[in-house]
Amino acid sequence: MAPEVRGDERRLHPFSWLFVLITQLREVAFPLVLLLFFGRGQWWEFLAIVGAVLLALYSLIYSFGFRYRIGTDELVVREGIFDRTERHIPFARIQNIARRSNVLHRAFGVTELRLESGGGLRPEAVMKVLRLADADALVLLLRAQRPSVAPPPGAGDASAPAPSGEPLLALSPGELVRLGLISNRGMVVVAGGFAAFWQFDPGGGKHLFRPAFNLAEVAAGEVVALHAGPLAMVLGGALLLALLFALLRVLSVVLALLVHYGFRLEREGDRLGAGGGLLTHAHGSARIDRLQMLHVEESLLHRLFGRMSLKTDVAGGVREYNDQSGKLHWLAPIATPAQVDGLLARIVVAPPLAALPWRPLHARAWRRRARWPMLFWLLAACGLGFWFGAPGLLALLGVPWAATAARGWAGFTRYAMDERFLAYRSGWWSRHYAVIELDKLQVVELMQSPFDRRAGMAGIRIDSMAADPLGHGIHIPYLPLAEARALFAVLARRAAG
Amino acid sequence: MTESNANDLSTPRIGLLPLHPRMRTVWTLAYASLYALLLTLPLVPLAVAFDLLPLPLAFLLPVVLGCLLGAGYARRYAALYSATSLADGVLIRSGVWWRGELFVPRARIQHTEIQQGPLDRRWGMASVSIHTAGTRLESIKLPGLPRPVAESLRDVLLDREAHADGA
């Protein structure tokens, strides 16, 4: 097919409308279809469908009106039919590049490209969809525009599907199986599915689950009819649970393979690129100086397998946590501690995690940490003891447990600051490390609750770019007041540059 | 943090930012009505249900008590609140029970905004919103500044070298 070039303007792939339509249908029509099936069929639903069709038509025309032009040092994107906008995006401003191609994309030999700049809620340009060769050429051009960097090896080979750089990490299927066993994605997906069905079924899920409940009742009846002893019943129940658990883990493994199959992390000059996926290929790249906080996760299962995970917040563009969006997020979905240390050293020239100058919290931090859970278990024991008598007092076991957990937590939780980095690690069984370069701090905060004031403690919290509001950040609690003040002063000075 | 600690960070450029006298009035009104509401909502039904007090008194008592408590809280809040403009940023202290000290480096400020409501305009009062590239503290508001102070703060904060994008 000859490229559609009018003057020096380029259009999207002729089948772009199909992909835009699919996105529209998925975003707009899918909830409507669910409503139609599960709702009570009212007139406004049909009105909404008409609206959805009109919207889809509009996006169709819109995708035909999309043009882009590659200038000497900028990308010009023209969008719209009735309401035209022309955006000039200097190459230097494009910092994150995300590309995604699912099975349909690959059938047509196309890919979706998203270019993000430093700020704003929306990407600078979403090219849905480009021919693979066009996308590769554009990506190579964007990389070559960076004057500080020598062109990456293999830059001349524009037909390569993923321009290769210095490989930092590649995950084998065996590692992905481990990842699936460690992650609990299967459980999350199943729980999400249940929640969705509950949401859409007007009968509160009763209708939907009626057959399942009936089946369970019949099965229970059969089991009772067997007149099995209590031991057999308990063993059978345990076996059933183990089977369900195993099924969920298998699902997790399948999901890990789907999302991360062939995962590779590469360094291309001053950029970092990562991606993989079995059905949908997602590949994201970002300039290394755009990386913000680095997160290392080490759950109990991670430690059993001798593994960790490493991910990063990347400044700019849309905050999307979907693994399939193509935005750079995972640096290593799974890796050995040595590999994680190696990656930290090669990407941000950080010392190994264990070599950071870790400092403990206040010596009484564990008591503060234990207080509320212990109080909760005491009150629970009172309440349960009142209602159920002596067996209710078993809740008192929660008190030493809370103390043990708090001691364990305070034993691991530490912060570290060296010339370039601020790091915080926390947890007991499940551990989390957060590392950020000092010149990437945005706001520094010192906090004191009434309890802190009484105990002579304070907490330090920092804010950074692109942080996940629900995820782990750096919030160091229970520091001796003088130490917290000193740390606050140093961090403030470093953040001020 | 004491003043000497604040000086450790950097030398003050325009120093402690004065609070417009009307801001204390605003806080007093706000906290008095909040406390009055918080006390009235549970106490009135209780007093009525158990026939503890005649109805007018059952209303009056929590309202008066709430106003007094709120006014006291506002006094304390105003006494503990301070915003200081330093050479390299802005330091804000606030809170009565939960106290916080917040430092926004000047190099991290993306843009600032001066806001004035109708009453602010009448009183010559303004608030300055400081926007950073952060996430949770993406926007930080300094309320109750006299308008000229707000303008000079904005000028001081904008008087900086062109920073790329704060990353």
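Biologist: Is Asp51(B) buried or exposed?
Modeller: Asp51(B) counts as exposed, because its relative accessibility is 65%. Buried means under 20% relative accessible area, exposed over 50%, and partly exposed in between, with a 1.4 Å probe and protein chains only. The model is predicted: local features need pLDDT of at least 70, side-chain atom pairs count only at pLDDT 80 or more, and totals for chains, interfaces and linings use all residues. Residues are numbered from 1 along each chain as its sequence is written, chains are lettered from A and ligands numbered from 1 in the order in which they are written, and side-chain values use heavy atoms, with hydrogens and water left out.

Biologist: Where does Asp51(B) lie?
Modeller: In the loop between α2 and α3 of chain B. Asp51(B) has a positive phi of about 55° although it is not a glycine. Most residues other than glycine have a negative phi. Helices (H or I, at least four residues) and strands (E, at least two) are DSSP runs, numbered from the N terminus.

Biologist: And which residue of chain A has a positive phi although it is not a glycine?
Modeller: Val349(A) has one, about 50°. Val349(A) sits in the loop between α10 (337–348) and β16 (358–360) of chain A. With a relative accessible area of 60%, Val349(A) is exposed.

Biologist: Which residues does the cis peptide bond join?
Modeller: Lys128(A) and Val129(A), with omega about 5°. Val129(A) belongs to strand β8 (residues 125–131) of chain A.

Biologist: Back to chain B. How many residues has α3?
Modeller: Helix α3 of chain B, residues 55–80, has 26. From first C-alpha to last, α3(B) reaches 38 Å, close to the 38 Å expected at 1.5 Å a residue. The expected span is 1.5 Å times one less than the number of residues.

Biologist: Which of its residues are buried?
Modeller: Ala58(B), Pro62(B), Gly66(B), Gly70(B), Tyr73(B), Ala74(B), Tyr77(B) and Ala78(B). An α-helix has 3.6 residues a turn, so residues three or four places apart point the same way.

Biologist: What covers them?
Modeller: The cover includes α2 (21–49) and β3 (89–94) of chain B.

Biologist: What about Thr84(B), buried or exposed?
Modeller: Thr84(B) counts as buried because its relative accessibility is 2%. Thr84(B) is in strand β2 (residues 82–86) of chain B. Beyond four places in sequence, its contacts (heavy atoms within 4.5 Å) are Gly15(B), Leu16(B), Leu17(B), Gly89(B), Val90(B) and Leu91(B).

Biologist: Now the interface. How much area do chain A and chain B bury between them?
Modeller: About 2,500 Å², 52% of it on carbon and sulfur atoms. Buried area is the accessible area (1.4 Å probe) that two parts lose on being put together, summed over both. Chain A gives 32 residues to the contact and chain B gives 29 residues.

Biologist: How many salt bridges does the rule find across the interface?
Modeller: Two. The rule asks for a side-chain nitrogen of Lys or Arg within 4 Å of a carboxyl oxygen of Asp or Glu. Arg485(A) forms a salt bridge with Glu101(B), the closest N and O atoms being 3.1 Å apart.

Biologist: Which elements give two or more residues to the chain A side?
Modeller: β20 (443–448), α13 (450–455), β21 (457–463) and α14 (481–496) of chain A. Of these, α14(A) gives the most, with seven residues.
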